[in-house]
Each structure stands twice: as C-alpha cells, then as structure tokens.
Amino acid sequence: MPVPMRARRRDEEHRAATPLELFFDLCFVVAIAQAGRQLAHALAEGHPGHGLAGYLMLFFAIWWAWMNFSWFSSAYDTDDPLYRVVTLVQMAGVLILAAGVPRAFESDFTLVWCGFVVMRLAMVTQWLRAAYGSRGPERRTALYYALGVTVCQVGWLGLLLLPKGAVPLVFVLVGALELAVPGLAERGWQTSWHARHIAERYGLFTIIVLGETIAAATLAVQSALDAHDAPGRLLPIAGGGLLLVFAAYWIYFAVPIHRHLRTNRQAFLWGYGHYLVFGSAAAIGAGIEVAVRESVGRADLSAYGAAACVTVPGALFLCTVWLIHSRHHKRGTAQQLVLPVSALLVLACTFAGRAAVPAAGLVAAATVAAGVHLTSRQGTAPAE
C-alpha cells in the first residue's frame with residue numbers, strides 16, 4: 001500500500017535531490033536538445049522569427065513541466081512505489097513531447113500536446129493524492145492546483161483545434177493562465193517547499209542545460225571539421241564557446257541562493273525568471289552551431305547575424321542571472337555592475353563578426369576574474 005502523502009517540513013535537514021529526480025531531469029535533455037537543434041536550423045536558414053517563436057513556445061512547455069514537478073516534489077515527495085510510477089509516467093510524457101518538437105516547428109502540435117497531457121494529467125494525479133492525504137486549507141490548495149492544471153490543459157487544445165494563425169494568441173493566454181495557477185492556488189496555504197532543495201534542483205538543471213549546450217557545440221564543430229577540415233576557423237569558435245559556457249557555470253554557482261528564498265513571492269519570481277536563464281543558456285549552444293555553420297559557408301546569414309546568435313543569448317543569460325540571482329548577494333556598486341557591464345560588452349562583441357565568439361568568451365572569462373577579485377578584496381565571499 002502507498003504511504004499517505006504528507007507535506008514535508010521546510011526545515012528538514014540533509015534534504016537533497018533523489019536519484020528519481022536526477023533521472024527525471026535527464027529525460028529533459030532529449031527535449032532541450034531537440035528544441036535547440038530546431039532553433040539552430042531555423043536561424044542558419046535565415047528564418048529567425050519563425051525559429052525564435054517556435055523555440056520560446058516549446059521551451060516554455062519543457063520548462064513549465066519540469067518546474068511544476070520540481071516544486072511539487074520539494075513539498076510532497078514520498079518516494080514510495082506509487083509516487084515513482086506516476087513520476088515515470090511523467091518522464092514518458094517528456095519523451096513524447098521531445099519526439100514532437102520537430103513537427104511543432106512546422107505548426108503540428110499533436111505529439112507535443114499528447115506528451116504534455118501525459119505529464120500534466122500525471123501531475124493532477126499527484127495533486128489529488130496530496131489532497132486526499134491532507135485537510136483544511138492545505139487540501140483546498142491541492143485541489144485548486146489539480147483544477148487549475150486540468151483547465152489549462154483543456155486550454156492547450158486550442159493549439160490543435162484553432163487555425164494556425166491563432167497559435168500565438170493561445171500561447172499567450174493559456175501560458176499566462178498557467179503562470180497564474182500557483183499564485184491563485186496558494187493564496188490560502190503555502191506549500192512546504194524546501195529552499196535548499198529547490199536551489200539544488202535548479203542548480204542541477206542549470207548544469208544539464210549547460211552540458212547540452214557543450215554537447216551541441218561539440219557535435220557542430222566535429223561535423224564541420226569532418227566536412228571541411230578548417231580547424232583555423234573552427235577552433236577559435238569552439239574555444240570561445242567553451243569559455244562562455246564555463247563562465248556561465250561559474251557565475252551561476254557563485255552565490256548560495258537558498259538564503260534568499262524565504263517567501264513565496266521571492267521564490268516564485270526567482271523560479272519564473274529561470275525561464276530566461278535556462279532558455280538563454282540552451283540557446284547559446286544553438287548559436288554556436290550557427291556560428292560554426294556560417295564560418296564554413298553553410299548558413300544563410302551574415303557573420304554579424306551568426307555572431308548575434310551567440311552574443312544575444314549570452315548577454316541575456318548574464319543579465320538575467322544578475323537580476324534574479326546574483327544581485328541579492330552583491331555588496332557595493334562595483335560588484336553590482338560587473339554582470340550588467342559584462343552583458344553589454346558581450347553584446348558589443350557582435351560587431352567583431354567571425355571573431356565575436358572568442359571575443360565573447362574572453363569577456364566572460366574576464367567577468368569571472370573581476371568577480372573573484374572584487375569578492376576577495378571586499379571580503380564578502382558567501383559562506384555555505
């Protein structure tokens with residue numbers, strides 16, 4: 001028999017990600033890789049509007065499904081057989097969604113919707129189980145979540161039933177409703193998510209996204225070398241891209257953010273902001289692939305356009321990490337200005353054309369060095 005699903009304590013000691021959560025995260029690698037690959041193809045073929053629109057919508061579906069599970073598991077993870085089976089069903093939904101990503105970029109959302117409904121209805125099952133094991137305001141919150149997720153999933157039917165021209169409107173309206181559900185559901189009762197656990201979950205997913213970025217860039221360079229044997233043009237891009245990703249890792253993990261996550265308002269703003277953090281990090285890999293293609297004459301855009309495919313998401317990552325993450329632990333004007341100024345310098349690298357990626361990598365490395373120097377000089381290194 002499954003154990004009763006009771007809320008876990010916010011002050012629980014030694015709370016860490018479970019093997020099931022890590023397995024769950026890894027399934028999202030497939031979906032992220034598919035979205036990034038389709039974005040790179042669209043950008044390289046000179047269709048930035050189509051590529052960005054499709055990427056933003058599909059990455060929202062990927063991120064939102066992951067985020068809903070992560071916050072629920074932080075509050076209610078029982079790790080019993082029933083919980084594991086329902087989570088495995090959600091993982092199957094992720095893989096169905098990933099299989100439908102290429103078709104979704106051609107406006108066929110059937111497989112993506114099917115994968116999303118598998119994940120979301122499994123999530124409804126989890127919330128109903130949480131409601132069954134609780135009472136009073138906590139039970140109402142769980143039921144509100146179950147109802148909200150169900151209503152939103154019905155709303156996503158608009159992607160299948162309405163004309164293709166209505167897709168952006170459906171995305172905006174139903175996406176806004178999805179974002180509103182947690183705030184509405186938790187007005188009377190706040191779920192007992194664990195701050196350190198949530199921070200660790202987001203950090204692990206950041207590592208997965210950055211790892212996928214490195215994998216995508218590596219495959220692009222390998223393919224170009226096999227076809228064109230032009231190391232003089234490709235290795236600087238590879239080196240600059242690697243510096244950029246390494247710096248992104250360093251910058252994100254420079255502060256212990258769990259100390260900032262004290263209230264739902266702080267936590268929700270931080271959690272929602274990661275749509276841009278994760279999305280921009282994954283887009284860096286797609287941009288490096290575009291830059292590689294352009295360097296060997298396999299892209300329908302200029303060197304400056306290809307450079308922007310790397311520098312724009314790179315600058316967005318730096319700026320967003322500063323805005324929702326790092327600035328809460330910075331002391332003094334100099335420390336606060338490092339990331340915003342670096343974001344502007346990375347954007348300025350666009351005008352270096354084919355030298356933009358190595359230039360952006362050097363700026364990112366200098367950003368890390370400046371941050372380390374200022375922290376050591378002012379003695380504000382955060383203690384765990």
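A nonpolar core is a set of buried Ala, Val, Leu, Ile, Met, Phe, Trp, Tyr and Cys residues joined through side-chain atoms within 4.5 Å. Buried means under 20% relative accessible area, exposed means over 50%, and partly exposed lies in between (1.4 Å probe, protein chains only). Both terms are used on this tour.

The model is predicted: local features need pLDDT of at least 70, side-chain atom pairs count only at pLDDT 80 or more, and totals for chains, interfaces and linings use all residues. Residues are numbered from 1 along each chain as its sequence is written, and side-chain values use heavy atoms, with hydrogens and water left out.

**The whole chain**

Start with the protein in cartoon view. There are 13 helices and zero strands; helices (H or I, at least four residues) and strands (E, at least two) are DSSP runs, numbered from the N terminus. The C-alpha atoms fill a box of roughly 65 × 55 × 35 Å, taken along the principal axes. The radius of gyration is taken over C-alpha atoms, and the globule rule is 2.2 Å times the number of residues to the power 0.38. For 384 residues a compact globule would have a radius of gyration near 21 Å, and the protein agrees, with 21 Å.

Next, show the surface. Its accessible area is about 16700 Å², and 67% of this belongs to carbon and sulfur atoms (Shrake-Rupley method with a 1.4 Å probe; for residues, only the protein chains shown count as cover). Of the 384 residues, 54% are buried. Contact means heavy atoms within 4.5 Å. Among contacts between residues at least 6 apart in sequence, 82% join residues at least 24 apart.

**The core**

Hide the surface and select Leu97, Trp127, Trp156, Tyr202 and Phe278. The largest nonpolar core has 116 residues, and these five touch the most other members. Helix H2 gives the most to this core, with 17 residues.

Keep tyrosine 202 and show what surrounds it. Leaving out residues up to four places away in sequence, tyrosine 202 touches Trp66, Met67, Trp71, Tyr252, Trp270, Gly271, His274 and Phe278.

Move to one of these, tryptophan 66, in helix H2. Tryptophan 66 counts as buried because its relative accessibility is 0%. Beyond its neighbours within four places in sequence, tryptophan 66 is in contact with Phe24, Asp25, Phe28, Arg201, Tyr202, Phe205 and Phe278. To check a distance, pick the C-alpha atoms of tryptophan 66 and methionine 119: they are separated by 9.4 Å, although the residues are 53 apart along the chain.

**Aromatic rings**

Colour the aromatic side chains. The whole structure holds 30 aromatic pairs. Rings of Phe, Tyr and Trp (its six-membered ring) pair if their centres lie within 6.5 Å; planes under 30 degrees apart count as stacked, over 60 as edge-to-face and the rest as tilted. Select phenylalanine 59 and tyrosine 275, a tilted pair with 6.4 Å from centre to centre and 50 degrees between the planes. Phenylalanine 59 is in helix H2 (residues 48-76) and tyrosine 275 in helix H10 (residues 264-295), so this pair links distant parts of the chain, 216 residues apart. Phenylalanine 59 is buried, at 2% relative accessible area, and tyrosine 275 is buried at 18%.

Now select arginine 10 and tryptophan 193. Arginine 10 lies over the face of tryptophan 193, 4.1 Å from the ring centre (a charge sits over a ring if NZ of Lys or CZ of Arg is within 6 Å of the ring centre and within 35 degrees of the ring normal).

Select glutamate 21 in helix H1. Glutamate 21 is buried, with 1% relative accessibility. Residues up to four places away aside, glutamate 21 touches Ala16, Phe69, Ser73, Asp77, His197 and Arg201.

Then go to threonine 320 in helix H11 (residues 303-324). Threonine 320 is buried as well, at 6% relative accessible area. Its contacts outside four places in sequence are Gly273, Leu276, Val277 and His325.

Where is histidine 14 found? Look in the segment before helix H1 (19-44). Histidine 14 is exposed, at 78% relative accessibility, and its phi is near 60 degrees, a positive value in a residue other than glycine.

Finish at aspartate 79, in the loop between H2 and helix H3 (81-104). Aspartate 79 has a positive phi of about 55 degrees although it is not a glycine. At 30% relative accessibility, aspartate 79 counts as partly exposed.
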